Amino acid sequence: MLHRGQESTDGAGGGELTVPMAWFYAEYIAEELLRTGDLMPPTSFEFRAGRDALALTIFLADSGGELSGIRVVTQLETWLSLTAYDQPWQDWVGERMAHLTAEALEVGGPAPDLELAAAAWRWLEETELLAPDLDAVPGGGAVFGEDDGPKVWTPAWRLGLPLGHLAIHLF
């Protein structure tokens with residue numbers, strides 16, 4: 001049974017289904033970078049946070065809408081600079097999303113890539129992961145292993161962004 005609003009595929013595109021290829025490709029690149037770095041299990045929430053943060057960076061940095069396989073290597077430096085620790089990545093994502101949303105409203109057509117990017121951004125902002133407290137005072141107590149140190153609830157993007165950055169370095 002079809003849900004309301006799904007009765008047909010007719011839309012502004014002349015009845016053609018719009019596939020979010022730009023988002024899928026950005027997600028694929030991000031996943032391959034993370035898998036190559038072998039930083040965490042691909043089934044972990046940390047991996048998802050890294051993949052989504054990196055995919056958002058890749059998708060939003062592509063100002064011409066021309067993600068192509070041959071340009072991936074030439075874009076690594078751009079992605080590194082965008083994901084660097086001292087950069088206002090969260091603000092940049094908000095600005096780029098607002099800009100792309102305004103463009104999509106202007107055109108009036110479907111924007112499935114943008115919808116998937118927005119869903120990833122919502123997940124990264126609203127989901128908190130328990131992570132090591134990187135701001136803990138050194139020498140505050142005896143810590144024997146990684147799991148024994150202080151932990152804090154952190155927005156997923158704050159954990160995923162450095163993982164994505166490190167994955168690019170390791171590539």
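This is a predicted model: local features need pLDDT of at least 70, side-chain atom pairs count only at pLDDT 80 or more; totals for chains, interfaces and linings use all residues.
Two packed helices are described by the angle between their axes and the distance between the axes. Helix α1 spans residues 21-37 and helix α6 spans residues 156-170. Their axes come within 8 Å and cross at roughly 70°. That angle makes α1 roughly perpendicular to α6. On the α1 side, the contact is formed by Leu-33, Leu-34 and Gly-37. On the α6 side, Leu-163, Gly-164, Ala-167, Ile-168 and Leu-170 take part. By class, the residues of this contact are 6 nonpolar and 2 polar, with no charged residue.

Helix α1 also packs on helix α5, residues 112-126. Here the axes come within 7 Å and cross at roughly 45°. The two helices are therefore oblique to each other. Met-21, Ala-22, Trp-23 and Phe-24 of α1 meet Asp-113, Leu-116, Ala-117 and Ala-120 of α5. This contact of α1 with α5 divides into 7 nonpolar residues, no polar and 1 charged.

Aromatic rings were examined next. A pair of aromatic rings is described by the distance of the centres and the angle of the planes. The count comes to 4 aromatic pairs. In one of them, the ring centres of Trp-23 and Phe-59 are 5.7 Å apart and the planes stand at 80°, so the pair is edge-to-face. Trp-23 belongs to helix α1, whereas Phe-59 belongs to helix α2, residues 45-61. The pair therefore ties together parts that are 36 residues apart in sequence. Both partners are buried: Trp-23 has a relative accessible area of 2%, and Phe-59 has one of 10%.

Tyr-25 and Tyr-28 form another pair, with ring centres 6.3 Å apart and planes at 20°. Because planes under 30 degrees apart count as stacked, this pair is classed as stacked. Both tyrosines lie in helix α1, 3 residues apart, which is about one turn of the helix. Tyr-25 is partly exposed at 25% relative accessibility. Tyr-28 is likewise partly exposed, with a relative accessible area of 48%.

Ring pairs link Trp-89, Trp-121 and Trp-157 into a cluster.

Technical notes: Residues are numbered from 1 along each chain as its sequence is written. Side-chain values use heavy atoms; hydrogens and water are left out. Axes are lines fitted to C-alpha atoms, for helices over the stretch in contact, and angles run from 0 to 180 degrees between N-to-C directions. Helices (H or I, at least four residues) and strands (E, at least two) are DSSP runs, numbered from the N terminus. Angles under 35 degrees count as roughly parallel, over 145 as roughly antiparallel, 65 to 115 as roughly perpendicular and the rest as oblique. Contact means heavy atoms within 4.5 Å. Ala, Val, Leu, Ile, Met, Phe, Trp, Tyr, Cys and Pro count as nonpolar, Asp, Glu, Lys and Arg as charged, and the others, Gly among them, as polar. Rings of Phe, Tyr and Trp (its six-membered ring) pair if their centres lie within 6.5 Å; planes under 30 degrees apart count as stacked, over 60 as edge-to-face and the rest as tilted. Buried means under 20% relative accessible area, exposed over 50%, partly exposed in between (1.4 Å probe, protein chains only).
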